Amino acid sequence: MRIINSTLGLAVAAAATLSVATPSLARDNIQIAGSSTVLPFASIAAEEFGNTFPQFKAPVVGSGGTGGGMRQFCQGIGASTIDIANASRAMKPAEIESCHAAGVEKIIEVKIGYDGIVFASRRDKAEFKLEPKHVWAAIARQVPIDGKMVDNPYGRWNQIDKSLPNQQITLVIPASNHGTREVFDEKVLIEGCKTFKEMAKLEGDAQKEACLKLRQDSGTVVEIAGDYTETLARLQAQADAIGVFGLSFYESNLDRLQIATIDGVTATQETVISGEYPVSRPLFFYVKGEHIGVIPGLIEFAQFFVSDAVSGVDSPLFEAGLIPLSDDERAKVLSNIKNRKVVGK
Amino acid sequence: MTTPNSKNAERLARVAASLKKRHAAEKRFRFFGVLASLLALSFVAIFFVSILSRGLPAFWQATFNLDVYFDPAIIEVEPRPVPNPGESPADFQQRDYAWQSQVGMVNWNRILENSLIALRPDLEDERRTLRSLFTSGERFALRDRFIENPDLLGQTVRLKLLADANVDVWIRGNIDRDLPDAQQQLSPRVRELADAFFATDALQMNFSTALLVNPDSRSSPASAGLGGAFMGSVYMILVVLFLSVPLAVAAAIYLEEFAPRNAITDLIEVNINNLAAVPSIVFGLLGAAVFINYLKMPLSAPLVGGLVLSLMTLPTVIIATRAALKAVPPSIRQAALGLGASKVQTVFHHVLPLAIPGVLTGAIIGVAQALGETAPLLLIGMSAFVSTIPGGPLEQSAALPVQIYLWQGNELRNFFEGRTAAAIIVLLALMLSMNALAIWLRKRFETRW
């Protein structure tokens, strides 16, 4: 069977090369791209989907970060555009607009679960008990000292707070193409920044801008545009570095990494579900409504992904580190899919 | 007062003195030359030793050798449907899918667990732990085996079943076995059972074909393989061969044998040489813009990858072919023309056959280069996760070098470091054999003038 397929394939290859200009070739499997945090989960769901439904092909899952995925998603309608965009944050109004402008009007939002963001360091180094204000003070460009804003003078963690280890400040954070960065900015930097009364005085965008200015002296803040493995490699090269990871990545590398507590809470699947651990975010994927009924299995895949058997407690995705939705949330998401509820309208 | 004799002696002394210096300089130069070669060789050696030492063990995987009983009490399915007379193929397909789904609903995990419980009846109450010893893909492997051969029902078959990736890491000692429980990926009980089964014949390190024949897998990392990426690369290489080699050879023959020498052909020649030096990522950008965005060709398809790589290979093969044509002595052409052959006859009957070894070498080296190329493929979406083996050049797939890149980024570091190195070995073996083929062809058909 496989052999017949391959020889047929060769014939097709030869034929296809001759007719290069054939436009828009039909597609019979789902194409996904976007957030690298969602990628492992989406890949597992895709594989299980292909294994469960003999009549559908397994979806193909690409990466590219939340922003990159959105850009591809909003390119338009047709077989050469993707059907689903993975996102580790909700779609922004600007992105919805650009989608509408390209004719993508029926965007169905599907929340799949949650992920914690952890501050991990090497196992052989000291343990950290961090608070958002420590993190902000470590990497902000200007910090208030004795009521005046001065250029960040801190070189070691214990200069910020006596309780922290005497260790050089090196924070490896995701670059802005990652959805994780946005959550880091919002839930760590801005929260930490607001605890300083000089910054709390500021309002709205001015505050946001001032809080998110990072120091630029070499080596204290390292932005990583690639995957978490790149962050891990940084930690292996620089013993003092602290990396920002997704909780699920940490759980696959327990032997090398340890995580800092945030406000005294250790990140686990339980503390993130309960909301005790402060730095977590929902994960999403977005379905292109126009492709439902054209690309076979699209709506079935969405339902399969959020079903309790695939992403609930003790499911394959749970084992892979996804923090599941509550039963109420799951029911709501499933009904949204069923009713084809679109965002931004 | 200087005599000619003393002048001579002085000269000789000067020569003798400088001779020593010149000898020393030569020795120094030779020494540095040897040193440089040794340094280069040692880097190659370090590279191979590190890749081989990490990659070769990955071909052996923790594998269960178990008697698996296809228990009719668990596999409660009807016999596989056969086409009824007068039934349309679509209807039959529907019934067959329904049957396959029904087979998929069978609790295959239970059959896996039972095969271990048959060895250790005392573990009846620990089914969950037993299940976690197997990689999750094995239940589908059992199902597919049954769908292929429903007669297995009620039979006991000796099967090799892959263990979970973390079990493999534990048995192998890739994770420090002395770490406390909190830092281990597996629970103490799973580790204990893995060791117990490893002490008997039930769990062994076996040579595993999974790495070579399976497609990539995320849900069942232990069964992840290079099969899909390999077929993707094969399709791409075929597209490159069928597209770029004929085009490049035709272009080279025209430019070398027929084209007039003028400003336009000079310009073309300069541009071809420049194209050969263009970084491959630029071809990727071009491919994404033209093939994907403008011509609306499918993402992640080997056809598009092949087209992009063809663009990249064209100048290389043109240059190699022209060099091979140039090497054919003019006397051959003059003789053919002198006997009344036309220009086309001269080229195709005499010059080209003599240049074939050079053309083939150039083509193979160009194709081998294309085989190892990663950057342009990332830009046309070939870095996606594909869990199936492509059946043709229009179906989505990865490629070998891209698969290395993807595995390198997998979060299960302890397991995939070995897998990545193994994939590098496979890719290197392919490249080396292609280069060897090129050398062999050259030696076999080379003509000395």
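A charge is said to sit over a ring if NZ of Lys or CZ of Arg is within 6 Å of the ring centre and within 35 degrees of the ring normal. In this predicted model, Arg444(B) meets that description, lying over the face of Phe445(B) at 5.1 Å from the ring centre. Another arginine of chain B, Arg177(B), lies over the face of Trp170(B), and here the distance to the ring centre is 4.0 Å.

Charged side chains also meet one another. Side chains of opposite charge can pair when their charged atoms come close. Over all chains, the structure holds 37 salt bridges, and a few of them deserve a friendly introduction.

In chain A, Asp240(A) and Lys125(A) join their side chains in a salt bridge, with 3.4 Å from N to O. This pair links distant parts of the chain, as its two residues are 115 residues apart. Asp240(A) belongs to the loop between helix H10 (228-237) and strand E10 (242-246), while Lys125(A) belongs to the loop between strand E4 (107-122) and strand E5 (129-130). Is Lys125(A) buried, exposed or partly exposed? Its relative accessibility is 29%, so Lys125(A) counts as partly exposed.

Glu113(B) and Arg127(B) form a salt bridge between their side chains, 2.7 Å from N to O. Glu113(B) sits in helix H3 (residues 108-117) and Arg127(B) in helix H4 (residues 127-131), 14 residues apart. Both partners, Glu113(B) and Arg127(B), are buried.

Glu257(B) likewise forms a salt bridge, its partner being Arg333(B), and the closest N and O atoms are 2.8 Å apart. Glu257(B) counts as buried because its relative accessibility is 9%. Arg333(B), at 17% relative accessibility, counts as buried because the cut-off is under 20%. Salt bridges can also share partners: in chain A, such bridges join Arg89(A), Lys92(A), Glu95(A) and Glu182(A) into one network.

Next come the aromatic rings. The count comes to 27 aromatic pairs over all chains. In one of them, the ring centres of Phe119(A) and Phe184(A) are 6.0 Å apart and the planes stand at 50 degrees, so the pair is tilted. Which parts of chain A does this pair tie together? Phe119(A) lies in strand E4 and Phe184(A) in helix H7 (residues 179-194), so parts that are 65 residues apart in sequence are tied together. Phe119(A) has a relative accessibility of 1% and therefore counts as buried. Phe184(A) is buried too, with a relative accessible area of 0%.

Phe128(A) and Trp157(A) form another aromatic pair, this one edge-to-face, with 5.4 Å centre to centre and 75 degrees between the planes. Phe128(A) comes from the loop between E4 and E5, and Trp157(A) from helix H6 (residues 157-160), so the pair ties together parts that are 29 residues apart in sequence. Phe128(A) is buried, with a relative accessible area of 4%. At 0% relative accessibility, Trp157(A) counts as buried.

Aromatic residues of chain A also gather in a group. Phe49(A), Phe53(A), Phe56(A), Phe285(A), Phe301(A), Phe304(A) and Phe305(A) make up one aromatic cluster.

Conventions. Residues numbered from 1 in each chain as written. Chains lettered and ligands numbered in written order. Predicted model: local features only at pLDDT ≥ 70, side-chain atom pairs only at ≥ 80, totals over all residues. Heavy atoms only, no water. Salt bridge = Lys/Arg side-chain N within 4 Å of Asp/Glu carboxyl O. Helix = DSSP H or I, 4+ residues; strand = E, 2+ residues; numbered from the N terminus. Buried < 20%, exposed > 50% of the residue type's maximum accessible area, 1.4 Å probe, protein only. Phe/Tyr/Trp six-rings, centres within 6.5 Å; stacked < 30°, edge-to-face > 60°.
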